[in-house]
Amino acid sequence: MDTQILVAYATKYGATAEIAEKIGQVLRQAGLRTDVLPAKRVKDLTPYKAVILGSAVYIGQWRKEAATFLRTNEKALTERPVWLFSSGPTGEGDPIQSLKGWRLPKAQQPIADRIRPRDIAVFHGALDPERMNLIEKWMVKNVKASLGDSRDWGAIDAWARTISDALLRETP
Ligand SMILES: Cc1cc2nc3c(=O)[nH]c(=O)nc-3n(C[C@H](O)[C@H](O)[C@H](O)COP(=O)(O)O)c2cc1C
């Protein structure tokens, strides 16, 4: 199928990049040509039929590169099917519930309302204390966040399949 899909991501320590790669892998296995790229490296959405954009969450905010991507590409995103995801909360249970219903930072909500993404997912993230600086370690301890890798590959895989199913259904 000659349809190109973009999975763009913003990460600090790489956990979100691996989630994006997993989504890309599922789309490719479904036969969709898919680029997985850091959001800051994407200059033009013209080649892409659909876009999946995800960001790690730090102190309730998306990474700057993801926020910039959403803002600068608003028009092109409005004209394509778009899926968004945030990755962050660690520990057990439903990540959306652990964020009290939050899916996207307030700052991105007005643009998202205009783009009307097909879905906004929240995935568990990973916290590696070995890689955090002192301030980050203090902050994470302060909010009693669970350390380690909480990423739920089954949930990520299932979400990516809903995207590939939708795209395959809609692409002649
Ligand atoms: C200093 C700091 C602040 C964080 N703030 C939040 C937050 O507000 N909400 C959240 O869900 N996760 C938060 N996290 C967890 C990260 O989003 C999580 O570790 C994520 O998987 C990191 O992704 P990355 O490796 O792609 O940068 C925070 C982590 C650190 C180190």
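**Ground rules**

I am working from a predicted model, so I take local features only at pLDDT of at least 70 and side-chain atom pairs only at pLDDT 80 or more, while totals for chains, interfaces and linings use all residues. Residues are numbered from 1 along each chain as its sequence is written, and side-chain values use heavy atoms, without hydrogens and water.

**Entry 1: salt bridges**

I searched the whole structure for salt bridges and got 10. The cut-off is a side-chain nitrogen of Lys or Arg within 4 Å of a carboxyl oxygen of Asp or Glu. In general, side chains of opposite charge can pair when their charged atoms come close.

I looked up lysine 22 next. Its salt bridge partner is aspartate 157, with the closest N and O atoms 3.6 Å apart. This pair links distant parts of the chain, 135 residues apart: lysine 22 sits in helix 1 (residues 15-29) and aspartate 157 in helix 7 (residues 153-170). Helices here are DSSP runs of H or I with at least four residues, strands are runs of E with at least two, and both are numbered from the N terminus.

Are these two residues buried or exposed? Lysine 22 is partly exposed, at 21% relative accessible area. Aspartate 157 is buried, at 16%. I count under 20% relative accessible area as buried, over 50% as exposed and anything in between as partly exposed (1.4 Å probe, protein chains only).

Aspartate 157 also meets arginine 161 in a salt bridge, at 2.5 Å from N to O. The two are four residues apart in helix 7, so about one helical turn separates them. Arginine 161 is partly exposed, at 43%.

I then checked glutamate 79 and arginine 80. Their side chains form a salt bridge at 4.0 Å, N to O. Glutamate 79 is exposed at 51%, whereas arginine 80 is buried at 17%.

I also noted a network of salt bridges that links Glu18, Asp149 and Arg151.

**Entry 2: helix 1**

How many residues does helix 1 have? It has 15, and it reaches 21 Å from first C-alpha to last. That is close to the expected 21 Å, which is 1.5 Å times one less than the number of residues. Its buried residues include Ala17, Ile19, Ile23 and Leu27. Glycine 31 follows the helix, with a positive phi near 95 degrees.

**Entry 3: strands 5 and 6**

Strand 6 (residues 119-123) is mostly covered, with four of its five residues buried. It runs parallel to strand 5 (residues 82-87), and five bridges join the two. Pairing needs at least two DSSP bridges. Phenylalanine 85 stands opposite alanine 121 in strand 6.

Histidine 124 lies in the loop between strand 6 and strand 7. It is buried, at 6%. Isoleucine 96 is 28 residues from histidine 124 in sequence and 9.1 Å away in space, C-alpha to C-alpha.

**Entry 4: the largest pocket**

I found about 1,000 Å³ of space in the largest pocket. A pocket is an open set of points on a 1 Å grid over the protein atoms alone, where a 1.4 Å probe fits, with protein on both sides within 12 Å along at least five of seven lines; lining residues have an atom within 4 Å of a point. The volume is the space filled by probe spheres set on the points, which are joined across faces, edges and corners.

Which of the 35 lining residues are closest to the centre? They are Val57, Tyr58, Gly88, Leu127 and Val140. Helix 1, strand 3 (50-58), strand 7 (126-127) and helix 6 (134-142) each supply at least two lining residues.
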